[in-house]
Amino acid sequence: MDHFTTHLLHISAALLLLIFLCSTLSVSSIGINYGQIANNLPSPDKVVPLVKCIGADKVKLYDADPKVLKAFANTDIEFVVGIGNEYLSKLQDPDEAQSWVKSNVQRYLPATKITSIAVGNEVLTFNDTSLSDCLLPAMQNIHTALVNLKLDSQVSVTTAHSLAVLQTSYPPSFGAFRDDLKDCISPILDFLSKTCSPFLINAYPFFAYKGNSKEVSLDFVLFQPNAGIVDSGNNLHYDNMLFAQIDAVYAALDTLGYKNLPVQISETGWPSKGDEDEPGASPENAKKYNGNLFKVVNQTKGTPAKPDYDLNIFVFALFNENLKPGPTSERNYGLFKPDGSPAYNLGFSGITAGGNSGRNTSGTAPAPPYTLLPENPANGYMSISSAGRFEWKNSIRIIVMLMLIVVV
């Protein structure tokens, strides 16, 4: 066998190994939104066991709270930090962006695994051009700061969108962005594509049911057994609304030429309590939605249109937040009450009542490892959404490393 053929075989073996590694390491995952618009929450160090209890490997903050980032140091839990909409104009200055990254990201690495920065939240659907015009330049300046500090390979930059950026979402294959937003969103998609970052969407089937409970099947939105729907555009079958919403976003991206841009769900959840005009908001339905959502993600399968794409989803939220404005539901999305007790019965894998690690199979939530007492009340933070990193750059590095190894 000649030398050239030998090298080809070595390289082929390395690539096969790479495929195996990617299939092993790239899996669907559950994250949790850690909101703090409340005055009765426990201190962050006492929150760490709860995050581990639910099996979450990612946490999304709505700012860059130093107490939280320090508390989760050396836990191996990935973090998304946020920048509020009110700071976008300030970040038009590259120096301000660099200062922000140094103070809120660099200083906590590598002990705290910050993997993403979410710049702004649902900016494009505020219909405020003074705000939307600032979004992309702010994202670009934050990314440039990461490049300057040699952090861009481990920390991505993105922004979260409301599902209201879509003009059409049904059937899913007909998904399309609003005509009035295309000029704003296309450059953002180009930025995400070039920087290997995901497209983030906040998707709440609860809102669809709340707005039209007589027409929308409750079982369809809660992942319960149901007849489902068939997409007339591609003949795919859907048995839950969240997957239909995700695939509508993929269809919209495809229309603008970004077929392969990954979609991640930065917020989704179900309230355990609501007002009289909020049908479906109950502990029973919250248990069904979030419990079934956890099961779906653990099955590591994608949506009907993207069966080979991982599901990376952030549940909203860790705690009920008593200072959130709006309807009663807004204050009751938490998996936990502020004292650390479950807001409703939901089986988790993680710390059991005895403090041991293991899977709870009783169908009820384990008791918290210890009583959580309110300390250091939070002042409240603006809502920001984001998700984890899409690791194209790291995959390329692995390929190069393996090729160098086999050649040597």
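1. In this predicted model, two helices each contribute at least two residues to the lining of the second largest pocket: helix 7, spanning 205-211, and helix 9, spanning 241-255. Of the helices, helix 9 gives the most to that lining, with 3 residues.

2. The second largest pocket has a volume of about 920 Å³. Its lining comprises 33 residues. Those that lie nearest the centre of the pocket are Glu122, Ser162, Asn202, Tyr204 and Phe207.

3. A separate point concerns the packing of helix 4 (residues 94-104) against helix 5 (residues 129-148). The angle between them is about 60°, and their axes are 8 Å apart. Angles from 65 to 115 degrees count as roughly perpendicular and those under 35 as roughly parallel, so helix 4 and helix 5 are classed as oblique to each other. Their crossing is right-handed.

4. Which residues make this contact? Helix 4 supplies Pro94, Ala97, Gln98, Trp100 and Val101, while helix 5 supplies Asn141, Ile142, Ala145, Leu146 and Asn148. By class, the contact of helix 4 with helix 5 has 7 nonpolar and 3 polar residues, and no charged residues.

Conventions:
Residues are numbered from 1 along each chain as its sequence is written. This is a predicted model: local features need pLDDT of at least 70, side-chain atom pairs count only at pLDDT 80 or more; totals for chains, interfaces and linings use all residues. Side-chain values use heavy atoms; hydrogens and water are left out. On a 1 Å grid over the protein atoms alone, a cavity is a set of points where a 1.4 Å probe fits but cannot get out, and a pocket is an open set with protein on both sides within 12 Å along at least five of seven lines; lining residues have an atom within 4 Å of a point. Grid points are joined across faces, edges and corners, and a volume is the space filled by probe spheres set on the points. Helices (H or I, at least four residues) and strands (E, at least two) are DSSP runs, numbered from the N terminus. Axes are lines fitted to C-alpha atoms, for helices over the stretch in contact, and angles run from 0 to 180 degrees between N-to-C directions. Angles under 35 degrees count as roughly parallel, over 145 as roughly antiparallel, 65 to 115 as roughly perpendicular and the rest as oblique. A crossing is left-handed if the near helix is turned anticlockwise from the far one by less than a right angle, and right-handed if clockwise. Contact means heavy atoms within 4.5 Å. Ala, Val, Leu, Ile, Met, Phe, Trp, Tyr, Cys and Pro count as nonpolar, Asp, Glu, Lys and Arg as charged, and the others, Gly among them, as polar.
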